[in-house]
Amino acid sequence: MRLRLLLAFAFISVFTAVAVAGAGYVRARDAIVQRAQDKAVVETTNRVEQLYPLPARPPDLLALERIAGRVSGPEGSALATAAGISAGSMDPAVITPQLRTHVANGYVGWQRVSYFGSVWLVVGMQLRVSGAGQFGSSAESGIEVYVLRPFTAETEVINELARNAWLIGGAGLVVALGLGLLAAQGVLRPVRALRLAAFRLGQGDLSARVAVRGRDELTDVASTFNSTAAALEHHVLELRRMEADARRFVADVSHELRTPLAAMTAVTDVLDAETAALPGVAGQAARLVNRETQNLTRLVNDLIEVTRFDSGTAALALDDVDVAEVVLATLRMRGFEVRTDLPSGVRARLDPRRLDVIVANLVGNALRHGAPPVSVRLWTVGSDLVIEVADSGGGLAEEVLPHVFARFYKADSARGRSEGSGLGLAIAWENARLHGGTLTAANRPGGGAVFTLRLPVGGAP
C-alpha cells in the first residue's frame with residue numbers, strides 16, 4: 001500500500017509538473033522566438049528603407065556589395081542578388097528554395113536554419129522602386145536581399161527555460177515523494193496498528209484493541225474492530241466458563257459415581273459367581289447386570305481420563321522399557337490373538353501404562369469392528385518408533401476417517417448401544433499426543449483399516 005501511494009503521488013506530481021512547466025515552456029519559447037523574429041524583420045526592413053532612393057540604372061556587382069554591406073548589421077551577414085549576380089558575405093547555401101520562392105513572389109519571408117551547429121535566422125525581401133509603375137505604383141527592382149543573423153542568444157534563453165522546466169519537474173517529484181511518505185505514514189500507521197491488533201486477537205489475546213484517534217473513515221474501522229473484539233471476548237469468555245463448568249460437572253459426576261460403582265461391581269461379582277445356580281431368567285438378569293455394570297465402570301474411568309486431558313493434569317510416568325515386551329504383555333493380559341512382528345531390543349523412554357492403553361484400544365477396536373487376521377508390527381524410523389495395527393476387514397469409509405478420533409463418535413450410526421463408549425480411540429490419540437507423537441488412521445490398499453502410532457524414542461520433548 002505504501003508503494004502504491006508513493007507511485008500515485010509521484011505520477012500526479014510528475015504529470016502536473018510536466019503539464020505546467022511544459023505549457024509555460026512552450027508559451028515562453030514561442031513568445032521569445034516570435035519577438036526575435038519580429039525584431040529581426042523590423043531591423044532588416046529599417047536598414048532596407050535607408051537604401052532608398054534606389055538608382056534607376058541596373059545594379060552592378062559593386063552596387064550589390066554596397067547594399068549587402070548596409071543591410072547586414074553588426075552581428076549578421078547579408079546577400080544581395082539581382083539578374084543572376086550575387087554579392088555579400090552570406091553563404092547562399094543557407095537560403096532554402098521555399099524561402100527564395102516566397103521572396104520572389106514579393107513577400108517578406110524568414111526562416112530558421114541550422115548553420116555551423118546552431119540556429120540562425122534568415123530574412124529575405126525584395127527591393128521595390130517607388131513611382132516607377134502606372135499611376136505611381138511601385139515596381140520591382142529585381143534586387144533581393146537576404147540577411148543571416150544568429151539566433152544564439154534566443155537559443156540560450158530557450159535552453160535555460162527547458163532546464164528550468166526539468167528542474168521544476170524534478171523538484172516537484174521530490175516534494176511529491178516527501179508528501180507521499182508523509183501521507184503513507186499517516187494512512188498506514190492506523191492500518192499497521194489494526195493489523196497488529198488483529199494478529200494478537202488471532203493468537204488468542206482477546207484484550208487486543210486499537211487506539212481511536214480522529215474522525216476519519218479509519219477511525220470508524222478502528223471503532224468497529226474494538227466493538228467486534230469486545231463482543232468476541234465476551235462470547236469466548238462465556239463459552240470458556242460454560243466449557244469449564246461442563247468439564248467440572250463431568251469430573252464431579254464421574255468421581256461421585258466411582259464409589260457406588262465399586263459397590264455395584266462387588267455385588268455383581270458375587271451374583272456372577274452364583275449365576276449357575278440361579279434359574280434361567282434370574283441367571284440371565286444377573287449376567288446382564290454384571291455386563292452393564294462393567295461397561296458403566298469402563299465409561300466412568302474413560303470420562304475421568306478425558307477430564308485429566310482437558311484440565312492439563314495428565315502426566316507421563318516415563319521409563320526406559322523394551323517396547324516389544326510392553327506390547328506382548330498387553331496382548332497376553334487381554335487374551336488378544338493377533339499376528340505379531342515385534343523385534344526385541346527396541347527400547348524407548350515412554351509411559352508403559354499409557355502405551356498399554358493405546359495398544360489395547362487399537363487392537364480391541366480392530367478385533368471388534370474389523371476382520372481377522374489382525375496384525376501388530378513394530379519398527380523404528382530415525383529417532384521414532386512406529387507401531388502399526390491393521391485388520392483385514394472392509395476398512396473405514398472416507399467420511400469416517402476425519403472423525404475417527406473424535407469423542408463419542410461411532411462409525412455405525414445405527415449401532416447406538418455397544419460395548420464401546422466411543423472414547424477409546426480419542427483417549428489413545430490423546431496419549432500419543434502427550435508423548436509428543438502422532439496417531440493416524442487410513443485404509444490399506446488391499447483392504448482393511450490400519451492405525452499407525454509414531455512416538456519419539458527419547459521420550460516426550
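What percentage of the 461 residues in the protein chain do buried residues make up? In this predicted model, buried residues account for 34% of the 461 residues in the protein chain.

**View 1. The protein chain as a whole, with its nine helices and twelve strands.** The protein chain is built from nine helices together with twelve strands. When contacts between residues at least 6 apart in sequence are considered, 61% of them join residues at least 24 apart.

**View 2. The largest nonpolar core, with 34 residues.** Within this core, Val323, Leu355 and Ile387 are the residues that touch the most other members. Two or more residues are given to the core by each of helix H7 (323-334), strand S8 (347-350), helix H8 (352-369), strand S9 (375-381), S10, H9 and S12, and H8 provides the largest share, with six residues. Once the neighbours within four places in sequence are left aside, Leu355 is in contact with Val323, Val326, Leu350, Ile387, Leu453 and Leu455. A second, separate core contains 23 residues, among them Val48, Met125, Ile143 and Val145. As a general background to such views, nonpolar side chains in soluble globular proteins tend to be buried together.

**View 3. Helix H9 and the elements that cover its buried residues.** Of the eleven residues of H9, eight are buried, so this helix is largely enclosed by the rest of the structure. The buried residues in question are Gly424, Leu425, Ala426, Ile427, Ala428, Glu430, Asn431 and Ala432. Their cover includes helix H6 (280-311), H8, strand S11 (438-443) and S12. After H9 comes Gly436, which has a positive phi, near 80 degrees.

**View 4. The crossing of H8 and H9.** The axes of H8 and H9 come within 9 Å and cross at roughly 145 degrees, and the crossing of these two helices is left-handed. On the H8 side, the residues taking part are Arg354, Val357, Ile358, Asn361, Leu362 and Asn365, and they meet Gly424, Leu425, Ile427, Ala428, Asn431, Ala432 and Leu434 in H9.

**View 5. The packing of H6 and H9.** H6 packs with H9 at an angle of about 35 degrees, and their axes are 11 Å apart; here too a left-handed crossing is found, as H6 passes H9. The residues that meet are Asp302, Glu305, Val306 and Phe309 from H6, and Ile427, Glu430, Asn431 and Leu434 from H9. Among these residues of H9, Ile427, Glu430 and Asn431 are listed as buried.

**View 6. The aromatic pair, for which the count is one.** The ring centres of Phe405 and Phe451 lie 6.1 Å apart and the ring planes stand at 80 degrees, so the pair is edge-to-face. Phe405 belongs to the loop between strand S10 (384-390) and helix H9 (424-434), whereas Phe451 belongs to strand S12 (residues 449-456), and the pair therefore ties together parts that are 46 residues apart in sequence. Phe405 is buried, with a relative accessible area of 18%, and Phe451 is likewise buried, with a relative accessible area of 4%.

**View 7. Arg100 and the ring of Tyr146.** In this view the charged end of Arg100 sits over the ring of Tyr146, at 5.8 Å from the centre of that ring.

Notes. Residues numbered from 1 in each chain as written. Predicted model: local features only at pLDDT ≥ 70, side-chain atom pairs only at ≥ 80, totals over all residues. Heavy atoms only, no water. Phe/Tyr/Trp six-rings, centres within 6.5 Å; stacked < 30°, edge-to-face > 60°. Helix = DSSP H or I, 4+ residues; strand = E, 2+ residues; numbered from the N terminus. Buried < 20%, exposed > 50% of the residue type's maximum accessible area, 1.4 Å probe, protein only. Lys NZ or Arg CZ within 6 Å of the ring centre and 35° of its normal. Core = buried A, V, L, I, M, F, W, Y, C linked by side-chain atoms within 4.5 Å. Contact = heavy atoms within 4.5 Å. Axes fitted to C-alpha atoms, helices over the stretch in contact; angles between N-to-C directions. Left-handed = near helix turned anticlockwise from the far one by under 90°.
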